[in-house]
Amino acid sequence: MDWIQALILGVIQGLTEYLPVSSSGHLAIISTFFGIDGEESLMFTVAVHIATVLSTLVMLWREIDWILKGLFKFEMNEETKYALNILVSMIPVAIVGVFFKDRVEEAFGSGLLIVGVMLMLTAVLLIFSYYAKPRQKEHISLWDAFVIGVAQACAVLPGLSRSGSTIATGLMLGNSKEKLAQFSFLMVIPPILGEALLDILKAVKGEAVMGDIGTFPLAIGFLAAFLSGCFACKLMISVVKKGKLVWFGIYCAIIGVAVLVYHLAQ
């Protein structure tokens with residue numbers, strides 16, 4: 001992987017981790033065209049995922065500071081309830097990530113066929129959530145947090161957008177647009193870090209190869225993912241508040257069809 005490829009992949013990762021168009025799906029598409037093997041780029045994948053987490057911490061530091069200050073009051077306040085919601089939302093993805101992720105990957109793979117199908121499913125979710133007009137709740141309940149967490153766990157499939165699935169699910173449950181985007185981005189921090197840790201542990205155990213990527217391309221990819229992640233995080237919060245997810249649904253539908261046509265033509 002050269003530095004130009006690292007730059008492109010880093011930008012794609014940073015943008016698509018927050019924009020509801022599937023980072024895994026886009027990385028699979030770009031990697032296929034670049035001829036990059038997934039195992040060979042494991043170190044790069046871990047690096048850009050950590051970069052996107054850092055971009056979340058930077059862009060939402062006020063919300064994170066608010067939660068931490070509330071937790072250290074050691075009382076059942078709004079901040080503690082919010083933290084509990086995040087904790088509950090992690091349960092489904094933790095179960096899938098630890099016990100079923102490898103089986104899901106073996107069953108469905110990460111080829112363009114599954115990516116195209118899941119992008120189409122992402123499009124359906126986004127478009128449906130746009131036209132569904134449920135009552136807007138002021139607070140995300142524990143049950144809603146769990147259901148949103150289930151949606152996040154399903155996004156282990158490449159091409160099914162994590163942010164798209166969680167935000168669309170939250171909207172269909174009737175949650176406030178203003179609070180849903182930041183909740184969706186905060187709840188994704190532990191799973192991304194957990195996934196990176198599992199990849200590192202696999203490499204340590206000899207079950208995966210971290211890959212031989214140069215320091216310069218790795219640094220370029222990390223920086224690109226961080227900067228584009230900051231931009232996409234801020235943009236997506238504004239987009240959700242304005243209810244413009246339908247355009248991303250149309251985009252996912254177009255890309256999904258294009259990927260399926262390309263796959264069938266091979």
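Predicted model: local features only at pLDDT ≥ 70, side-chain atom pairs only at ≥ 80, totals over all residues.
Q: Why does a positive phi stand out?
A: Most residues other than glycine have a negative phi.

Q: Is S22 buried or exposed?
A: S22 counts as buried because its relative accessibility is 1%. Buried means under 20% relative accessible area and exposed over 50%, with partly exposed in between (1.4 Å probe, protein chains only).

Q: What about F74, what's its phi?
A: F74 has a positive phi of about 55°, and F74 isn't a glycine. You'll find F74 in the loop between helix 4 (61–71) and helix 5 (78–108). At 70% relative accessibility, F74 counts as exposed.

Q: Back to helix 2. How many residues does it have, and how far does it reach?
A: Helix 2 covers residues 23–34, so twelve residues, and reaches 16 Å from its first C-alpha to its last. That is close to the 16 Å expected at 1.5 Å a residue, where the expected span is 1.5 Å times one less than the number of residues.

Q: Which of its residues are buried?
A: In helix 2 those are S23, G25, H26, L27, A28, I29 and S31. A28 comes out at 15% relative accessibility, so A28 counts as buried.

Q: What do the buried residues of helix 2 pack against?
A: They pack against helix 1 (3–18), helix 6 (112–131) and helix 12 (245–265).

Q: Then helix 6. At what angle does it pack with helix 8?
A: About 30°, with the axes of helix 6 and helix 8 (residues 162–172) 9 Å apart. Axes are lines fitted to C-alpha atoms, for helices over the stretch in contact, and angles run from 0 to 180 degrees between N-to-C directions. Helix 6 and helix 8 are therefore roughly parallel; angles under 35 degrees count as roughly parallel, over 145 as roughly antiparallel, 65 to 115 as roughly perpendicular and the rest as oblique.

Q: Which residues meet there?
A: From helix 6, L125, L126, F128 and S129 meet G164, S165, A168, L171 and M172 of helix 8. By class, that contact of helix 6 with helix 8 has six nonpolar, three polar and no charged residues. Ala, Val, Leu, Ile, Met, Phe, Trp, Tyr, Cys and Pro count as nonpolar, Asp, Glu, Lys and Arg as charged, and the others, Gly among them, as polar.

Q: And helix 9 with helix 11, parallel or antiparallel?
A: Roughly antiparallel, for helix 9 and helix 11. Their angle is about 150°, and the axes are 8 Å apart. The contact (heavy atoms within 4.5 Å) involves K177, E178, A181 and F185 of helix 9 with C233, M236, I237, V240 and K241 of helix 11.

Q: Last one: what does S184 touch?
A: Leaving aside neighbours within four places in sequence, S184 is in contact with S163, T166 and I167. S184 lies in helix 9 and counts as buried at 4% relative accessibility.

Technical notes. Residues numbered from 1 in each chain as written. Heavy atoms only, no water. Helix = DSSP H or I, 4+ residues; strand = E, 2+ residues; numbered from the N terminus.
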